[in-house]
Amino acid sequence: MRTLRHVADLRAELAQARRNGESVGLVPTMGALHDGHLALIDRARAENDVVVVSVFVNPTQFRPGEDLDRYPRQLERDTELAAARGADLVFAPEADEVYRPGHATMVSVSGVSETLCGHPSRRGREHFDGVATVVTKLLNMAQPDRAYFGQKDAQQLAVITRLAQDLDLPVEIVPCPTVREPDGLAMSSRNVYLSADERERALGLWRALQAAGASVAGGERNPAAVLAAAGAQLDALDEVEYFEIVDPATMQPVERIGGPVLAAIAARCGGTRLIDNLLLVPAPVPANTVDGLDGLSASTTNPAPQGVAV
Ligand code: AMP
């Protein structure tokens with residue numbers, strides 16, 4: 001396992017691998033690795049000859065006043081963890097290696113970047129411009145066959161999926177399920193900020209998502225009613241930025257739950273901003289049911305979700 005600091009070294013290393021006919025998998029991270037990241041590395045290890053883990057706290061995706069300066073940085077530990085999971089390379093550039101003097105280009109994905117976390121009243125689409133820019137650069141630097149992203153950051157995944165399609169990037173974007181603590185809290189590098197009391201209250205996010213799932217499983221198809229039924233679970237949080245039900249690809253609100261939808265939450269717990277989400281998949285209508293309005297048989301097509309069925 002080698003740790004590389006420079007783009008030129010990464011390119012040289014991977015050019016050799018490609019000459020040998022080896023496939024490359026990239027796992028982009030901001031470090032402070034936990035089991036969620038390690039699951040991405042495991043998946044990349046299983047599907048590629050060479051696995052690259054990038055560790056880069058990307059300044060352009062932090063908004064003014066956010067935790068850029070205190071974001072946990074522990075490269076030595078991250079390197080050991082990545083090596084133990086079989087990664088071949090850790091790519092850990094300095095900020096001025098990624099954003100060289102005179103850098104003036106940003107990648108911006110409209111629509112999907114503008115709701116939820118990207119809403120102007122919250123982090124704003126500039127956050128996702130920073131994500132889209134650094135991911136485009138990392139994909140160009142490593143030119144992987146596959147790149148691995150967690151559904152924990154479902155909107156980020158949707159932005160990256162859109163940008164890879166729109167820019168014809170020759171890479172497979174591989175979504176990976178959210179890894180949770182035993183009690184359900186989604187793993188996050190920011191969980192270390194939580195006090196014991198906040199850690200307990202943070203569980204409200206998962207409880208609200210489960211309650212939304214139970215509501216849909218019980219037959220509710222009106223998003224407002226689903227959110228109303230589940231919202232009380234968020235009472236222990238300090239501030240709920242949003243709790244919404246959206247289309248999983250476009251991140252736009254849905255008027256009715258007619259297929260898989262994403263329930264997504266952002267909330268503050270003490271000084272920490274937490275996000276979580278759950279894919280809700282309504283049960284298909286039984287094959288022999290006849291739609292009373294137009295007399296057609298209801299579809300038996302199961303939308304084959306990648307997330308959690310309820
Ligand atoms: P980060 O270091 O937080 O930027 O995350 C790097 C990658 O790990 C992103 O693709 C995240 O979506 C993914 N990730 C973070 N937390 C989890 C988790 N709990 N389960 C699965 N993937 C995760």
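1. Helices, as named in this note, are DSSP runs of H or I with at least four residues, and strands are runs of E with at least two; both are numbered from the N terminus. The model under discussion is predicted. In these terms, glutamine 155 belongs to helix H6, which covers residues 154–166.

2. Glutamine 155 deserves attention for its surroundings. Its relative accessibility is 5%, and because buried means under 20% relative accessible area, the residue counts as buried. A polar atom of its side chain lies 2.9 Å from the backbone oxygen of threonine 115. Beyond residues up to four places away in sequence, glutamine 155 touches Val112, Ser113, Glu114, Thr115, Leu116, Cys117 and Gly118, together with Phe128 and Met251.

3. Leucine 116 shows a positive phi of about 45° although it is not a glycine. It is found in the loop between helix H4 (95–98) and H5. At 2% relative accessibility, leucine 116 counts as buried.

4. The loop between H4 and H5 also holds glycine 124. This glycine is buried, with a relative accessible area of 4%. Leaving aside neighbours within four places in sequence, glycine 124 is in contact with Cys117, Gly118 and His119. Its C-alpha atom is separated by 8.1 Å from that of serine 113, which is 11 residues apart from it along the chain.

5. Alanine 264 lies in strand S8 (residues 261–269) and counts as buried at 4% relative accessibility. Not counting residues up to four places away in sequence, alanine 264 touches Leu116, Leu209, Tyr242, Phe243, Glu244, Asp276 and Asn277. The C-alpha atoms of alanine 264 and serine 113 are separated by 14 Å, although the two residues are 151 residues apart along the chain.

6. As for leucine 10, its contacts, not counting residues up to four places away in sequence, are Leu4, Val52, Leu89, Phe91, Met141 and Ala142.

7. Helix H2 (residues 35–47) has 13 residues, and the distance from its first C-alpha to its last is 18 Å, close to the 18 Å expected at 1.5 Å a residue. Gly36, His37, Leu38, Leu40, Ile41 and Ala44 are buried in H2. An α-helix has 3.6 residues a turn, so residues three or four places apart point the same way.

8. What does H2 give to the shell around the ligand? It gives the most, with 3 residues. Histidine 37 is found in this helix and is buried, with a relative accessible area of 13%. Not counting residues up to four places away in sequence, histidine 37 touches Thr29, Gly31, Ala32 and Ser189.

9. Of the 17 residues around the ligand, those that come nearest are Met30, His37, Asp153, Val179 and Met187. A polar side-chain atom of histidine 37 lies 2.9 Å from an oxygen atom of the ligand. A polar backbone atom of glycine 150 is likewise 2.9 Å from a ligand oxygen atom. On the nitrogen side, a backbone N or O atom of valine 179 lies 2.8 Å from a nitrogen atom of the ligand. Taken alone the ligand exposes 480 Å², of which the protein buries 93%. The elements that give two or more residues to the shell around the ligand are S2, H2 and S5.

10. Alanine 32, a contact of histidine 37, is placed in the loop between S2 and H2. Alanine 32 has a positive phi of about 50° although it is not a glycine. Is alanine 32 buried or exposed? At 7% relative accessibility, alanine 32 counts as buried.

Conventions: Residues are numbered from 1 along each chain as its sequence is written. This is a predicted model: local features need pLDDT of at least 70, side-chain atom pairs count only at pLDDT 80 or more; totals for chains, interfaces and linings use all residues. Side-chain values use heavy atoms; hydrogens and water are left out. Contact means heavy atoms within 4.5 Å. The expected span of a helix is 1.5 Å times one less than its number of residues. Buried means under 20% relative accessible area, exposed over 50%, partly exposed in between (1.4 Å probe, protein chains only). A residue is near a molecule or strand if one of its heavy atoms lies within 4 Å of it. A polar contact is a pair of N or O atoms within 3.5 Å; within protein, one must be able to donate a hydrogen and the other to accept it, and residues adjacent in sequence count only if both atoms are side-chain atoms. Accessible areas come from the Shrake-Rupley method with a 1.4 Å probe; for residues, only the protein chains shown count as cover.
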